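The sequence and the structure are shown first.

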Amino acid sequence: MVEKLIILENIAMVDFLGVANENIKEVASAFPKSKIVSRGNEILIQGNASEIIKINDILNSLVQHYHKYGKVTHDNVKSYIKSEAEYINGQSDEGVLVYGNRGNTIKPKTANQKALVKAVEENDLVFAVGPAGTGKTYISVAMAVQALKNKEVKKIIITRPAVEAGENLGFLPGDLKEKIDPYLRPIYDALDEMIPSEKLKFYQENRVIEIAPLAYMRGRTLNHAFILLDEAQNTTAMQMKMFLTRMGPNSKVIVTGDISQIDLPRNQKSGLGESLKILSGVKGIARVDLDAKDVVRHKLVKEIISAYDKHQEKNDKSKKSGE
C-alpha cells in the first residue's frame, strides 16, 4: 500500500470539501479500493499507486478550480471524476499513443515511425536507428508511457551512456547521475509533455520511472519494465552486452541511436554498430531505420541531414577512388 499526503493551502475547507465532506466522499466512492481521509487542511490517500495517481490528479484539478472560482460544488467533483476516466480510456484511441498535457495527441506521423510502433508491438527488443529529429526517442518514450498507463509494465527505465560530443564529464560537480542529468534533458522534456508534473514527480519518487546513466544498470535484472537505451551509438561493446543481458521477463526494450554520430574515442568500437551485426536475424529482435523523411523538427533540419549525407557519400566515393 502506498500513501500520499496532500496539504491544502489558502483554501476555505468547507468550500472545498463540501457540506459534511460530500465532495471528498464522492471522490472516495469512485475509488472504493483506496482510502481517503481528510483532517484539517490535509488529505491522506492510501491505496495502490495507479489509483493514488488518478485521485491526486482529480484533487489537483479541484484545487485549481477552487483557486479560479472560489468554491467546489458536488457537480464539479463529478465532472472532474468523469474527465479523468475519459482521459484514461482515451489512451486506446486508434493511432494515438498518449494524450499530451495540453490535450494534443501524440502518435507516429511518418511511415517509419509507424513501423517502429508496430515493431515494438511484435518484438521484445527493437533497435531504432536514425539521425536526430526523426522522432525515434520521442515515439519510444510515448510507447513506454502508454504501456505504463495500460498496466502492461510496472515501470519505465530510461538510460544512456555517459559520453557526449567528446566532452569530459569529470569536471562537472556531483555524482555520475548529477553529471549526466543535463544530457538527459530531452528525455525529461518528452516526459513533461506526456505526464502531468505532479504525477511525473510521484512516479520518480516511487521509482515507477527511473532515468539514470547506463552504469547504474550493471548487476540488475529488469523485470516487468519498459526499458529505453538512448544514444546507444556511444556504448562500448561491453556496455551494450551488459545492457542487453539485463532484460528480464515481461519486459520491452528499445535501443535508439545514430551510427553517424559516434562520440567514442577512435580506438573503441560502437556497441550499437556491433550489436546490429551480431543480432541480425535473431527471432524476437527487430530493427527499424529512420531517415531524413522522418524529421519532424524545423524543415531546415531535414535539409541539413540531407546535405551531410551527400557530403559523406562524396567523401566515401573519393576514398574508394583513391584506393
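In which loop is the place of asparagine 21? Asparagine 21 is found between helices H1 and H2 (22–30).

## Basis of the description

The model is predicted: local features need pLDDT of at least 70, side-chain atom pairs count only at pLDDT 80 or more, and totals for chains, interfaces and linings use all residues. Residues are numbered from 1 along each chain as its sequence is written, and side-chain values use heavy atoms, with hydrogens and water left out.

## Overall composition

The protein has 12 helices and 11 strands; helices (H or I, at least four residues) and strands (E, at least two) are DSSP runs, numbered from the N terminus. Of its 323 residues, 45% count as buried. Here buried means under 20% relative accessible area, exposed means over 50%, and partly exposed lies in between (1.4 Å probe, protein chains only).

Among contacts with a separation of 6 or more, 72% join residues 24 or more positions apart; a contact means heavy atoms within 4.5 Å.

Most residues other than glycine have a negative phi. Asparagine 21 has a positive phi, near 60 degrees. At 30% relative accessibility, asparagine 21 is partly exposed.

Glutamate 231 also has a positive phi, of about 55 degrees, although it is not a glycine. This residue lies in the loop between E9 and H10. Glutamate 231 is partly exposed, its relative accessible area being 25%.

## Nonpolar cores and the aromatic pair

The largest nonpolar core contains 62 residues, and those touching the most other members are Phe16, Val27, Ile43, Val141, Leu191, Met194 and Ile209. Apart from it lies another core, of 21 residues, including Leu214, Leu222, Ile227 and Val255. A nonpolar core is a set of buried Ala, Val, Leu, Ile, Met, Phe, Trp, Tyr and Cys residues joined through side-chain atoms within 4.5 Å.

Phenylalanine 16 is buried, with a relative accessible area of 2%. Not counting residues up to four places away in sequence, phenylalanine 16 touches Leu8, Ile11, Asn23, Ile43, Leu59, Leu62, Val63, Tyr66 and Val72. The count of aromatic pairs comes to one. Rings of Phe, Tyr and Trp (its six-membered ring) pair if their centres lie within 6.5 Å; planes under 30 degrees apart count as stacked, over 60 as edge-to-face and the rest as tilted. The pair is formed by phenylalanine 16 and tyrosine 66 and is edge-to-face, with 6.4 Å from centre to centre and 80 degrees between the planes. It links distant parts of the chain, since phenylalanine 16 belongs to helix H1 (residues 13–17) and tyrosine 66 to helix H3 (residues 49–69), 50 residues apart. Tyrosine 66 is buried, at a relative accessible area of 10%.

In helix H11 (residues 271–278), the buried residues are Gly271, Leu272, Ser275 and Leu276. Viewed down the axis of H11, these residues fall within an arc of 130 degrees, so they line one face of the helix; the arc is that of the directions from the helix axis to the C-beta atoms. On the other side of H11, Lys277 and Ile278 are exposed. The cover over the buried residues of H11 includes strand E6 (125–129), helix H10 (237–244), strand E10 (252–257) and strand E11 (285–289).

In H10, Met240, Met242, Phe243 and Leu244 are buried. The buried residues of H10 pack against E6, strand E7 (155–160), E9, E10 and H11.

Threonine 235 lies in the loop between strand E9 (225–229) and H10 and is buried at 0% relative accessibility. Its side chain reaches the backbone oxygen of alanine 232 at 2.7 Å. A polar contact is a pair of N or O atoms within 3.5 Å; within protein, one must be able to donate a hydrogen and the other to accept it, and residues adjacent in sequence count only if both atoms are side-chain atoms.

Beyond its neighbours within four places in sequence, threonine 235 is in contact with residues including Met240, Ser270, Gly271 and Leu272. At the start of H11, a side-chain oxygen of serine 270 comes to within 3.2 Å of the backbone nitrogen of leucine 272.
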